[in-house]
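These are my notebook entries on a single chain. I set down what I looked up, entry by entry.

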Amino acid sequence: MVSLGCPKNLVDSERILTQLRADGYQMSADYAGADVVLVNTCGFLDSAKEESLEAIGEAIAENGRVIVTGCMGKEAEVIRTRFPQVLAVTGAHQYEQVVEAVHAAAPANLSPYIDLIPDAGLKLTPRHYSYLKISEGCNHRCSFCIIPSLRGDLVSRRPDAILREAEKLVAAGTRELLVISQDTSAYGIDIRKEPRMWHGREVVPHMTDLARELGRIAPWVRLHYVYPYPHVDQVIPLMAEGLVLPYLDIPFQHAAPSVLKRMKRPGNDAKVLSRIHQWRDICPDIAIRSTFVVGFPGETEADFEYLLDWLDEAQLDRVGAFRFEPVEGAAANALPDHVPEALKEERYQRIMAKTAAISAAKLAAKVGRTLPVIIDEVGDEGATGRSQADAPEIDGQVFLRDAAHLAVGDIVGVSIEDADDHDLYGVPV
């Protein structure tokens, strides 16, 4: 299995592999030992599509028997034109079709004696953390995005099904649940009148109720892809209580009103800065991460300066930035006044310098404190972990000395001794 793209794709890969394992298939660690190769593609940006096509080409060159699935499956003709020898092409979260294609390409001999799988299913992440997908699709029509055409409109999972999966994951060793979807704040709006019973109590399909229940199951619960709708304010007290990690991943994308209007972004109102201050009053340790697009069509120097000033005021903890890239099928492509590539690059460098300085100052303020840290790796001389402000693979890390006695998945107090632009250094206490 070659799994590309976002954590939502990773969850799809885990679900496919779990079903195939139940059907009697073994996983191969390399191309040479496989009867068939699955490539789960990303199709959001042209660069991601090219990466997917390269992965398909590599799989064909190394093995020859390839099944393609994922977001780029929407462009089956493109894939088949370039690689006519692929065995099958299916779209995003078409689990049954993928499994059927594998059955056709490489029939398995099921044995109840050797083909047992863990209750939590097969995972592609380390044992101590797991992505938990709560919905599929998205109801928004942002002008730069084609996700709804790839994955459809919002479809929320039943809350009891999500909580049952969470319990299984925690029972199997998960210490940190990373809640993901295209729009976590919108969870349940399609099934809001369908509460479910869970351990003798009724659970409403709503982000706040779900977060509260998940906080009772897992030591750490981290919320990703949260649009700043008004009801997000209700989650902040849960963070202050310790039920949910004090961390919000909010894809603001920009701050200038004129750019947001052209982006057709939901949920970004003029009061969001005051709300961020209110959140910090309730939960002082809250970490806010976000992503921003620079060089969006029509972005003026005044718009970009507005964004930099907004970042000075917002003091976000973690920031990623992207240069605008046209995506085939996106409405933004037809907008006038595209920004030259050289200017995009100049603005990208400026925003990264700005956010690195903010990050360095915020991390320096943590020196001398003792913070809870989850351990990701342990070596002979030390260990690597993450604070509550750090999601795996996208945020910073905490490097520990004198920590060889720790185990992966431990959550320990760490005395912070030093910091740089993105990472912390300390010793377990």
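Entry 1: I count a salt bridge where a side-chain nitrogen of Lys or Arg is within 4 Å of a carboxyl oxygen of Asp or Glu. Helices here are DSSP runs of H or I with at least four residues, strands are runs of E with at least two, and both are numbered from the N terminus. Glutamate 50 is partly exposed, at a relative accessible area of 33%, and arginine 82 is also partly exposed, at 42%. My classes are buried for under 20% relative accessible area, exposed for over 50%, and partly exposed in between, with a 1.4 Å probe and protein chains only.

**Entry 2: basis of the values.** The model is predicted, so I note that local features need pLDDT of at least 70, that side-chain atom pairs count only at pLDDT 80 or more, and that totals for chains, interfaces and linings use all residues. Residues are numbered from 1 along each chain as its sequence is written, and side-chain values use heavy atoms, with hydrogens and water left out.

Entry 3: Aspartate 160 is buried, with a relative accessible area of 5%, whereas arginine 164 is partly exposed at 41%.

Entry 4: I next examined arginine 386 and aspartate 376, whose side chains meet in a salt bridge at 2.8 Å, N to O. Arginine 386 lies in strand 16 (residues 382-387) and aspartate 376 in strand 15 (residues 370-378), 10 residues apart. Arginine 386 is buried at 2% relative accessible area, and aspartate 376 is buried at 18%. I also recorded one network, in which salt bridges that share partners join Glu299, Glu301, Glu305, Glu346, Arg347 and Arg350.

Entry 5: Which strands make up the closed barrel? I find 5 strands in the order 15-16-17-19-18, with mixed pairing. Two strands pair if DSSP finds at least two bridges between them. Strand 15 pairs with strand 18 (residues 411-419) in the antiparallel sense over 5 bridges. Isoleucine 374 has isoleucine 411 in strand 18 as its bridge partner.

**Entry 6: helix 4.** In helix 4 (residues 95-105), I list Tyr95, Val98, Val99, Ala101, Val102 and Ala105 as buried. Seen down the helix axis, these buried residues fall within an arc of 155°, so they line one face of helix 4. That arc is taken over the directions from the helix axis to the C-beta atoms. The face turned away from the buried side carries the exposed residues Glu96, Glu100 and Ala104. Among the elements against which the buried residues pack are helix 1 (7-22), strand 2 (37-41) and strand 5 (129-133), where contact means heavy atoms within 4.5 Å.

**Entry 7: glycine 242.** I located glycine 242 in the loop between helix 8 (236-241) and strand 12 (247-249). Glycine 242 counts as exposed, at 52% relative accessibility.
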